[in-house]
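Dear colleague,

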Amino acid sequence: MPEHFDTDVAVIGYGPTGLVGALSFATKGASVIAFERDHDIYARARAVTINDWTMRIFQDLGIDERVEKVIEPQDQLRWKTYDGQEILRAKQPPSALGTRNTKPRFFSIYQPTMEAELRRCAEEADGIEVRYGAEVTGVEQDGTGVTITARDRATGQETTTRARYALAADGGSSPTRKLLGIPMLGDTDPQLWIVIDCRVKRWWPDRDLLTFWSDKERPVVDIALSAGNHRWEIPLKQGETEADFRTPEQVWPLLDAMGMTPDDVEIHQHAFYRHHVRAAETWRRGRVFLAGDAAHLMPPWAGAGMQSGMRDAHNLAWKLSRVLRGDMDAAMLDTYEAERRPNVEFFTQIAVQFGRVIKQQVSSEELEAMNAVPENTVTPYEEPMMAPPVLDAGGWLRGEVADASIVGRMIPQPVVADTVGLRRRLDELLGDGFVLLGADTDPRTLLTAEEKAQWDALGARYLSVRPKTAYTQGPDELVDLEEVLLGWFARYGVQAIALRPDRFVAASDKAGLAVPAL
């Protein structure tokens, strides 16, 4: 008799990471049962931004247009002092990853509003069941699956659910991580911060700029959120406690120092928090994977905490869904932490250093080193927080990951045309799977019979990118309308690449186009 499973994947925790995980699994054909202890969305806006990488994930899930309606482009930031001196103003360059309209790299969000839209998208998706009010109290696993014990918080009734795998996205205090006996390593900064969320009453000059008030004693993050909201994040001074800021009247002097008045905003809510630099010792125990805050915590300065969780879930989903179908070996799951942990650490260190700059804790020599532009690089230099994503070595890649290598990079997403002239963003014509892409050449001609058999087994497509000044020659071709892709290939000196479903380059003809080894 075949073993019975209630679902392919159990998702524990249904915040942004769990939601993107559920949607990612479902769109790739896996069934999901999600457990969420609360019925309502957490009312406080924790995250404040998403970028073009996250929007490309939403595009893969078919929800980017809906999300874009509840967020707002953010294209400038500045540093200023309390005496009104503007130290620096920077305009974000346009995205290369292909967001839908004006191609911004960053968006301001109001998390409860965006999260509500994500929930609505998930409600309309096939294959997702959500059990609200269900608190997971037990996670047991064996060689073939995971048994989840959950208690209904209203009735006390217990249920057991059998899943093939589980994703724990239940926050920084993750009960699942504790049930698995996985320690959380790292530090927590003792500095206490107050977060003040306000409803906007009227526009004020440069409200749309992300502003960092640079000061050794009271640095501030001042950011416009979407849907008519605004936020300030302010550290408490030595000797100040939460008791000093219990009421809006007590909070107002903090905003008054930055020129705000009750004519401008109404304080909606405020809360206190500390910055963490912590990560779980391992992100996997058998068939259970940790993601988001359950796996790692970082300071907010880089705006990458929530987004890193979403990227965790999406990375795991495209791999696990193929393992469940039998298309890939279960060893593929070992690449989840190998790829995601270095990327999270990268953004964590950016956040730490960025925070030191804002708090004026860096020396002039350190600041000069941070701002130094590397010489003789193949890849055009961009500030690390803004640069397109790159995977680190150690994951499912073939070849060196370096400045002069195309391997590990996310492919740009211009508007392209198919052979009859249908114009679409690149991903819409690539499809959902592996693609071998040739620069004005058929990539099949660069493969051995054995290599082609390997890619065929993964259901790969083979496409050629033609210049817009040439004729197309067959149905499996794309036209480089914006003259982006062929130049990108040429920069790294390659004729063909193998793209993963998440649009990262797995291999190139430089290092060999065989399927990467596990």
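For the packing of two helices, the axes are lines fitted to C-alpha atoms over the stretch in contact, and the angle between their N-to-C directions can run from 0 to 180 degrees. Please keep in mind throughout that this is a predicted model.

With that in hand, consider helix H8, which covers residues 335-358, and helix H9, which covers residues 364-371: the two pack at an angle of about 135 degrees, and their axes lie 12 Å apart. Angles from 65 to 115 degrees count as roughly perpendicular and those over 145 as roughly antiparallel, and H8 and H9 are therefore described as oblique to each other. The crossing of H8 past H9 is left-handed. On the H8 side the residues that take part are Gln353, Arg356 and Val357, and they meet Glu366, Leu367 and Met370 of H9. Sorted by class, the residues of this contact comprise 3 nonpolar, 1 polar and 2 charged.

Two further residues of H8 deserve a word. Thr335 lies in this helix and, with a relative accessible area of 8%, is buried. If neighbours within four places in sequence are left aside, Thr335 is in contact with Lys319, Gly395, Trp396 and Leu518. Not counting residues up to four places away in sequence, Pro342 touches Glu337 and Asp392. The C-alpha atoms of Pro342 and Val20 are separated by 21 Å, and these two residues are 322 residues apart along the chain.

Val20 brings us to helix H1, where it is one of the buried residues. H1 takes in residues 16-27, 12 residues in total, and reaches 16 Å from its first C-alpha to its last, which is close to the 16 Å expected at 1.5 Å a residue. Because 11 of its 12 residues are buried, H1 is largely enclosed by the rest of the structure. Among the buried residues of H1 are Pro16, Leu19, Leu23 and Phe25. The helix is followed by Gly29, whose phi is positive, near 95 degrees.

How is H1 placed against helix H4, residues 111-123? The two pack at an angle of about 25 degrees with their axes 10 Å apart, and that angle makes H1 roughly parallel to H4. Their crossing is left-handed. Pro16, Leu19 and Leu23 of H1 make the contact with Gln111, Glu115, Leu118, Arg119, Cys121 and Ala122 of H4. By class, this contact has 6 nonpolar, 1 polar and 2 charged residues.

H4 itself has 13 residues, which should span 18 Å at 1.5 Å a residue, and this agrees with the 18 Å between its end C-alpha atoms. Its buried residues include Gln111, Glu115, Leu118, Arg119, Cys121 and Ala122, and Pro112, Met114 and Glu117 of H4 are buried too.

Helix H7 can be described in the same terms. H7 runs over residues 305-325, and its 21 residues reach 31 Å from the first C-alpha to the last, close to the 30 Å expected at 1.5 Å a residue. As 18 of the 21 residues are buried, H7 is largely enclosed by the rest of the structure. Just after H7, Gly326 takes a positive phi of about 85 degrees.

Lastly, there are two backbone points in loops. Most residues other than glycine have a negative phi. Asn376, although not a glycine, has a positive phi of about 55 degrees. This asparagine lies in the loop between H9 and strand S20 (415-418), and at 79% relative accessibility it counts as exposed. Glu483, again a residue other than glycine, has a positive phi near 55 degrees. Its place is in the loop between strand S24 (477-480) and helix H12 (485-491), and at 56% relative accessibility Glu483 also counts as exposed.

With best wishes

How values were computed:
Residues numbered from 1 in each chain as written. Predicted model: local features only at pLDDT ≥ 70, side-chain atom pairs only at ≥ 80, totals over all residues. Heavy atoms only, no water. Helix = DSSP H or I, 4+ residues; strand = E, 2+ residues; numbered from the N terminus. Expected span 1.5 Å × (residues − 1). Buried < 20%, exposed > 50% of the residue type's maximum accessible area, 1.4 Å probe, protein only. Parallel < 35°, antiparallel > 145°, perpendicular 65-115°, else oblique. Left-handed = near helix turned anticlockwise from the far one by under 90°. Contact = heavy atoms within 4.5 Å. Nonpolar A, V, L, I, M, F, W, Y, C, P; charged D, E, K, R; others polar.
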